[in-house]
Amino acid sequence: MTSRWRDLGLAGLGLVLLLLVPVFGAPPAIRDFIMFGMAYGLLAMSLNLLIGYTGLVSFGHAMFFAAGAYAFGLAMQSGKFSIPAAFVLAIGFTALMALIVGAICVRLNEIYFAFLTLAFQMLFYNIILGWVSFTGGDQGLMGGIPRPKFLGIDLADRTQLYVFCSVAFVVCIAILRQVVTSPFGYTLRMIRDNQERAAFLGINVTMVKLACFVISACIAGVGGILLTLFVSGAYPNFGFWTTSGEAIFMILLGGSNVFLGPLAGTVILRLLNDITVSYTSHTELVLGIVILVLVLGLRKGPLDLLAERWENRRQAAAQAIRDAADKDAAKGGS
Amino acid sequence: MTSIESGRASRRRVLKGAGAMAAVGLVGAPAISKAQTGAIKIGVPTILSGRVAILGQTSVGGLKDVFDKFNAAGGINGRKIEMVVRDSKGAPQEAAKVTRDLINNDKCEIILDAEASSAAFAVQEVIREVGVLCIHSNSETSSLTADPKLHVPTAFRTARQGIHDAIGGGDYAAKIAKAKGLKKWATCSPDYAYGRSNTAEFMEYAKHFDGNIQVVEESWPKLFQPDYTEVVTKLLNAKADAMYSALWGGDLVAFIDQANLYGLFDKQASFMVNLGDYGVVDQVKQFPQGVYSGGRYNRVVPPTKENEEWYQNYVKTQKHKPTNWSWENAVAAEFIVEALKKTNGDTNGKKMAEAIKGMTLKSQFGTKGSVTMRAEDNTLVDYIIGYGVSLSKEPYVADFQSSAWEPIFELEKQWKKKQGYIS
């Protein structure tokens, strides 16, 4: 079995596990937690395509999260679109926006790229705030997001919404996995490690970065759509710099070198938030301490650490086999 | 005593938290706390951290006294009220999730939404879906209850409303303007929806009552802006006769402290809707005298024995002074308690809503000693609205004039027609 089919099989298994949650009668709070986590998980996973795989640290990724959310919310509130049509429209809008922003940003590197993305994000955020008649300004999209039935699916029903979010989430994760394991994904890593060398090999670095930027933005946009469906609204802080910062936290918490690291970070961050908020209002203090411990203690995300240890053990085992073989060979020779 | 979840982290709480985390680690899901048998749990999503944490602290303070009394009297059918307070940090999506968690996880039967405006709209959508009773106690944005598209049958508001303040304030400002010849006006309000709509509505009604008023300068400092030098200079250069400001909280404190350096308040008449509230009046280094100050909460407004007793009791139990949010929440708690008595302890959202709709409560915060939950749009009316003149020390306000509600009702109806809310 090729790794591609194995990955798709694992994605299918993941989807089955997610769908088993309501089947086993999990309380609504657990489903809510998972749905919230899926929305933010897509934001973090998509950002890691830029940070972890391409070496592009974007401080403005939340603008695409918000773009997906607002485009979908506004399309649904207009009453002219079905949910699938609004979904496609929102992704299309996010892609177009990413194409324009990316065409300008990806030509720059490191801190210049980071700050330009931040600048575009703040521009977008201020458009949301300022265009009150269209976006609702700082009050966000009020009055709820209509969810008319389509193909017999009723997203007003929380279980059906959960199933819909699970399918969308797993499809996005599978797409991301296919991207990072494809030749295109390896090109991204080459650009991250040495973009001059990649250019000398004939790779159009700017175009590859731009394609990566657009794919990443679209996945973040889907995250925004899922959150919009969950909270039945879209709010300016979806696109504020703190949301981008939160996504970077999630990557830090989970690890950027393992594919599912940012998703683990999302779960850790949301768990920390949900648990600490029940006991204290000093949530940020707890998060700060955890991040300090990770940065100063582990110096990497937990999944990165586990992956590294696994690799070390695997190599040690292989070395032991080689040593034993050498010993046998030496004995046979003598 | 009303028990409140959340708050300080004692060793036991920390251990419980650690235990919950361990459990969560095993099952991969958030901890689920079992509802306490018998207690009527009231979920309170609010802001307890960050720059406006005072909103949450003084809101909870306002609720606690009412629920404590209810519990001390034995509750209803042996059931006492238990508040479950959660910090949403003011983020709408967090407020929505926290509200859902309060209902699904903590088994809260009633939601008392002590959020600021944008989060209140997110909570409203959760309530639309789950149908429990909800009282919005802090959101002043008029559309929350005025816009029929946003209407949710089981959601009510006990907070003051922007449009009511604008009409009452505009009337008061026009009278002063006519008497003192204040024709050229400048405005200085925070640059976000509340600041812009509040200022536009105030000036609209000031002009409605005095046609000679004209706005010659508008200044929109950013929310949480630290330096107001440029704004103050702009206001001074405008040479206006009067200024209106909807700045609030820490921003208002910073603005006044910096404007005092330039003597701004000596050079023009100033009207500030959010000035007269504890948390502002006792934080400003040099509180300006003679500023026209909107009524938020003050121990001498109304100058009654009941109000003074309420104030003293609040300070004694909470160790801080009450704010506007405190009385709004106290009134919300009173409505819940009265509704519970009417339904004989049944917390069903529809039944509670039927009980509250149109209810009039005896209250020291009402103009005629009572406040009413208006049935047509589930919002509070007849509460005290008005302006006074600021004093630099206690009681910080003098010559307070309450606005009459009849003209407010009349103009509010016209405003609703203009907005397309009614035909």
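This briefing walks through the contact between chains A and B, the build of chain B, and one residue within chain B. Please keep in mind that the model is predicted. Across the interface, 32 residues of chain A are in contact with 35 residues of chain B.

**The chain A side of the interface**

- Four helices of chain A each give two or more residues to the side that touches chain B: α2 (28-54), α10 (205-231), α12 (261-279) and α13 (283-298).
- By residue type, that side of chain A holds 16 nonpolar, 12 polar and 4 charged residues.

**Chain B as a whole**

- Chain B has 14 helices and 16 strands.
- Its radius of gyration is 22 Å, which agrees with the value near 22 Å that a compact globule of 423 residues would have.
- Along the principal axes, the C-alpha atoms of chain B fill a box of roughly 65 × 45 × 40 Å.
- Of the 423 residues in chain B, 53% are buried.
- Among contacts in chain B with a separation of 6 or more, 68% are between residues 24 or more positions apart.

**A closer look at Ile47(B)**

- Ile47(B) sits in the loop between β2 (40-46) and α2 (53-72) of chain B.
- Ile47(B) counts as buried because it has 26 C-beta neighbours inside 10 Å, and the cut-off for buried is 20 or more.
- Leaving aside residues up to four places away in sequence, Ile47(B) touches several residues, including Val52(B), Leu55(B), Asp87(B), Lys89(B) and Glu115(B).
- Arg86(B) lies 39 residues from Ile47(B) in sequence, with their C-alpha atoms 7.9 Å apart in space.

Definitions and conventions:
Residues numbered from 1 in each chain as written. Chains lettered and ligands numbered in written order. Predicted model: local features only at pLDDT ≥ 70, side-chain atom pairs only at ≥ 80, totals over all residues. Contact = placed C-beta atoms within 7 Å. Nonpolar A, V, L, I, M, F, W, Y, C, P; charged D, E, K, R; others polar. Rg over C-alpha atoms; globule rule 2.2 N^0.38 Å. Buried ≥ 20, exposed ≤ 12 C-beta atoms within 10 Å, placed from the backbone.
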